[in-house]
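Try each one on your own before you read its solution.

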Amino acid sequence: MVYTGIQKPNNRIIAAGVPLIQELNIETVTNMYPGRLVKKGTNDSDIVINTADGKPIGWLGYEQTNPVFRPKDPISIYGAEAQVAVLNGGGFYIRAMLAESENVGKGDPLVAGDNGELKAAVSLAVKEGTDTADEVEGATPELQGSLVPGGQVIAYAEESINATSGATEIIVRSVI
C-alpha cells in the first residue's frame, strides 16, 4: 500500500493526532464554522472569530463539542451562545479553510487570515545585489519584536490547494 498523506475525514474535522481541548462560549456567531481560527472575546471564557491581525488561541472544534451545542455537520455554523470545544496544542492535523485567492503547496507555512481562515505566510526577499537589512524588499528597518510579517505561523499545508476562485477546505498540521 502506498502512503498518500493525511486524508480529509468524514463528519469530523480532526484528521489525525490529539489536540488539547478547552470548552469556551461563542460571543458572536459570525463565521463560527468548525475548523476556523478563534481568538479571545470580551472575557477569557468567550471566543470570537479570528482576524488577520488577531492572536488566535485555537481552532473551533466539532466532534469534541457536546452534541447539544454541535451543528448538524462540520460545514454548518454554530448557534448563538454555544459552549464549544476550542482545540490547540499543535501536532495534530485538522480540516481548516484556506482564504480565497491563495495558492499553496504541501509543506507551505500558513498564517491567520480574516474570517478565521488561513493564508500563505509572507516571505521577504532580498533585492538582487543587496545585502543589508535596510534594502530587504517590503521591510521597514524600524521593525521590532519577534513576529514575522503576516503574523506567526499557525499551520503547515498538508496538501497543495489552489483557492483562487474561492475559500477552500485544506488539511493542515497545526502548530498552535
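**Exercise 1.** In which loop is D73 found? Then work out what surrounds this residue.

Solution. Keep in mind that this is a predicted model.
- Step 1: Look between strands β5 (56-60) and β6; the loop joining this pair holds D73.
- Step 2: D73 is buried and has none. The nearest side chain of opposite charge belongs to K72, 4.2 Å away, and a salt bridge needs a distance within 4 Å.
- Step 3: Look for a polar partner. The side chains of D73 and S76 make a polar contact at 2.7 Å.
- Step 4: Leave aside neighbours within four places in sequence, and D73 is in contact with N11 and Y62.

**Exercise 2.** Is E102 buried or exposed? Find its place and its partners too.

Solution. 
- Step 1: Go to the loop between β7 (93-98) and β8 (103-104), where E102 sits.
- Step 2: E102 has a relative accessible area of 17%, so it counts as buried, the cut-off being under 20%.
- Step 3: Beyond four places in sequence, the contacts of E102 include L118, K119, I161 and T164.
- Step 4: A120 is another of these contacts. It lies 18 residues away along the chain, with 6.7 Å between the two C-alpha atoms. The E102 side chain reaches the backbone nitrogen of A120 at 2.9 Å.

**Exercise 3.** Which residues touch the most other members of the largest nonpolar core?

Solution. 
- Step 1: Among the 34 residues of this core, pick out I47, W59, L118, I170 and V172.
- Step 2: Now find the strand that gives the most to the core: β6 (residues 83-88), with four residues.

Conventions: Residues numbered from 1 in each chain as written. Predicted model: local features only at pLDDT ≥ 70, side-chain atom pairs only at ≥ 80, totals over all residues. Heavy atoms only, no water. Core = buried A, V, L, I, M, F, W, Y, C linked by side-chain atoms within 4.5 Å. Buried < 20%, exposed > 50% of the residue type's maximum accessible area, 1.4 Å probe, protein only. Helix = DSSP H or I, 4+ residues; strand = E, 2+ residues; numbered from the N terminus. Contact = heavy atoms within 4.5 Å. Polar contact = N/O pair within 3.5 Å; in protein donor to acceptor, adjacent residues only side chain to side chain. Lys, Arg positive; Asp, Glu negative; His and termini not counted.
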